[in-house]
Amino acid sequence: MTASPNDEPRPPLLLLPGTACDQRVFASLIDRLGDYPVLIGDMGGARTMAALAVDILAAAPPYFLLAGFSLGGICALEMVAQQPERIGKLALIDTTARPDPAENAAVRRKAVADAREKGMDGFILDNWPRLVAPTNVHDGSLRDTIVAMARDCGPDRLAEHAEVAISRADSRRRLAEIRQPTLVLAGAHEEVCPLDAQQELAAGIPGAELHLIAEAGHFAPLENPDAVALVMKRWLEAGSGPFS
């Protein structure tokens, strides 16, 4: 692990991808973070959010910084609730503290059934205009990357992600207990986890800072990686106070 200027090792940054995603959702960000030590959490193998958090914590270093995208951000909130003493800083990217609405369970399970029958492409393409900013709707390279992640994820992993999302807690009641320096980051055109949910996160966590990323929707780390990396670098380099 690379040492900081004061010769103390820097805690690694553990990144948690979202539904039907893998490390590629963070690839552009990682490239821009230089030599900062980064780990990617395994978002598979569990069917409840609480169990997934337990599994990721068991595989994680004793002390680390934590950033989660979408479903990964929801998991990050659960991890902070379970073992806050192990997490130095928290970044919540295009995510929410809200529980899954009861009616979403049937929608999620139907999406899994459709993916098994018709393939994973439709899981992304049927929702494409909601996933990215209007300026990125016709970006074929971006679309191909996100579809490729979904294909490689496959319906079995998607089924796990659906059950994990359905089972998640209402983290809004726990936000005031979070003591980590927290970044709330989202695309300015976010529709999946709407902007009022981002404002709710930032208002509920003491000292949290909200940054909205221009020309980005739900997939901000891929849509505008330069802007995301700029804010993330400030968050990584800051002490315990504000980082902007």
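Leu-183 stands opposite Glu-209 in S6. The model is predicted.

**Exercise 1.** Find which strand pairs with S6, in which sense, and over how many bridges. Then trace how the chain crosses to S6.

*Solution.* 
- Step 1. The partner is S5, residues 182–187.
- Step 2. S5 and S6 run in the parallel sense, over five bridges.

**Exercise 2.** Sort the side chains of S6, residues 209–213, by face, and state which face holds the buried ones.

*Solution.* 
- Step 1. Glu-209, His-211 and Ile-213 point to one face. These three are buried.

**Exercise 3.** Ser-70 has a positive phi, and so does Glu-215. Place Ser-70 in the chain, then Glu-215. Decide for Ser-70 whether it is buried or exposed, and do likewise for Glu-215.

*Solution.* 
- Step 1. Most residues other than glycine have a negative phi.
- Step 2. Ser-70 is not a glycine, yet its phi is about 55°. Glu-215 is not a glycine either, and its phi is also about 55°.
- Step 3. Ser-70 lies in the loop between strand S3 (64–69) and helix H3 (71–82). Glu-215 lies in the loop between S6 and helix H9 (220–223).
- Step 4. Buried means under 20% relative accessible area, exposed over 50%. Ser-70 has 11% relative accessibility, so it is buried. Glu-215 has a relative accessible area of 51%, so it is exposed.

Key. Residues are numbered from 1 along each chain as its sequence is written. This is a predicted model: local features need pLDDT of at least 70, side-chain atom pairs count only at pLDDT 80 or more; totals for chains, interfaces and linings use all residues. Side-chain values use heavy atoms; hydrogens and water are left out. Buried means under 20% relative accessible area, exposed over 50%, partly exposed in between (1.4 Å probe, protein chains only). Helices (H or I, at least four residues) and strands (E, at least two) are DSSP runs, numbered from the N terminus. Two strands pair if DSSP finds at least two bridges between them. A crossover is right-handed if, with the strands pointing away from the viewer, the path from the first strand over the helix to the second runs clockwise.
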